[in-house]
Amino acid sequence: MQNKWIYKVIAIPRDIGIMRKMFSAKLPEEIAAGYIEQIINDMAQHGWEYYRADECTIVERPGCFGMIFGRKEEAYTYNMLVFRRQAN
């Protein structure tokens with residue numbers, strides 16, 4: 001019998017440096033690690049298992065007016081944390 005999973009994906013904010021005081025960390029990597037650790041632990045308390053980290057790139061195309069004014073496509077890449085738990 002195959003395991004059935006339910007997945008939950010959480011985007012990591014682009015600028016977590018503003019959370020410096022929350023983690024009493026000075027180095028950027030410590031801030032990032034503290035933030036991600038907190039998310040993983042919070043999700044685990046709610047029954048979610050950390051599964052993996054992933055990236056998602058979204059390309060935003062300009063609308064009609066944007067094209068008229070020379071706006072170009074913009075790509076935004078987001079880092080995501082993927083969690084899973086077994087379906088009931």
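Tyr7 touches Trp48, Tyr51, Val82, Phe83 and Arg84, leaving out residues up to four places away in sequence; here, touching or being in contact means heavy atoms within 4.5 Å. Tyr7 sits in strand S1, and at 42% relative accessibility it counts as partly exposed. That label has cut-offs: buried is under 20% relative accessible area, exposed is over 50%, and partly exposed is in between, using a 1.4 Å probe and protein chains only. Tyr7 and Arg85 are 78 residues apart in sequence, yet their C-alpha atoms are 6.7 Å apart in space.

Keep in mind that this is a predicted model, where local features need pLDDT of at least 70, side-chain atom pairs count only at pLDDT 80 or more, and totals for chains, interfaces and linings use all residues. Residues are numbered from 1 along each chain as its sequence is written, and side-chain values use heavy atoms, with hydrogens and water left out.

- The chain has a mean pLDDT of 85, and 86% of its residues reach 70 or more; pLDDT is the predictor's confidence in each residue, from 0 to 100.
- Confidence is lowest in helix H1 (residues 20-23), with a mean of 60, and highest in S1, at 95.

**The overall layout**
- You'll find 3 helices and 3 strands in the chain; these are DSSP runs numbered from the N terminus, with helices (H or I) of at least four residues and strands (E) of at least two.
- Follow the sequence and you get the pattern β-α-α-β-α-β.
- Of the chain's 88 residues, 22% count as buried.
- Take the contacts between residues at least 6 apart in sequence: 63% of them join residues at least 24 apart.
- The accessible surface of the chain is about 7,200 Å², and 54% of that belongs to carbon and sulfur atoms; such areas come from the Shrake-Rupley method with a 1.4 Å probe, and for residues only the protein chains shown count as cover.

**Inside: the core**
- In soluble globular proteins, nonpolar side chains tend to be buried together.
- Which residues make up the largest nonpolar core? The 8 residues are Ile10, Ile12, Tyr35, Ile39, Met43, Trp48, Leu81 and Phe83.
- A nonpolar core is a set of buried Ala, Val, Leu, Ile, Met, Phe, Trp, Tyr and Cys residues joined through side-chain atoms within 4.5 Å.
- Going back to the largest core, strand S1 (5-12), helix H2 (28-45) and strand S3 (74-86) are the elements that give two or more residues to it, and H2 gives the most, with 3 residues.
- Ile39 is in contact with Ile10, Leu81 and Phe83, once you set aside its neighbours within four places in sequence.

**A buried arginine**
- Arg84 has its place in strand S3.
- Is Arg84 buried or exposed? Arg84 is buried, because its relative accessible area is 16%.
- Not counting residues up to four places away in sequence, Arg84 touches Trp5, Ile6, Tyr7, Gly47, Trp48, Glu49 and Tyr51.

**Outside: a nonpolar patch**
- Phe65, Ile68 and Phe69 form a nonpolar patch on the surface, with about 450 Å² of accessible area together.
- Patches are made of residues with over 30% relative accessible area and no salt bridge; like charges are joined within 9 Å, and nonpolar side chains (Val, Leu, Ile, Met, Phe, Trp, Tyr) within 5 Å.
- Phe69 is in the loop between helix H3 (64-68) and S3, and it counts as exposed because its relative accessibility is 72%.

**Salt bridges**
- The structure holds 5 salt bridges, each one a side-chain nitrogen of Lys or Arg within 4 Å of a carboxyl oxygen of Asp or Glu.
- Arg52 and Asp54 meet through their side chains in a salt bridge (2.7 Å, N to O); Arg52 is partly exposed at 41% relative accessibility, and so is Asp54, at 32%.
- Glu60 forms a salt bridge with Arg71, and their closest N and O atoms are 2.5 Å apart.
- Glu60 lies in strand S2 (residues 49-60) and Arg71 in the loop between H3 and S3, so this pair ties together parts that are 11 residues apart in sequence.
- Another salt bridge joins the side chains of Glu73 and Arg61 (2.9 Å, N to O).
- Glu73 is in the loop between H3 and S3 while Arg61 is in the loop between S2 and H3, so the two tie together parts that are 12 residues apart in sequence.
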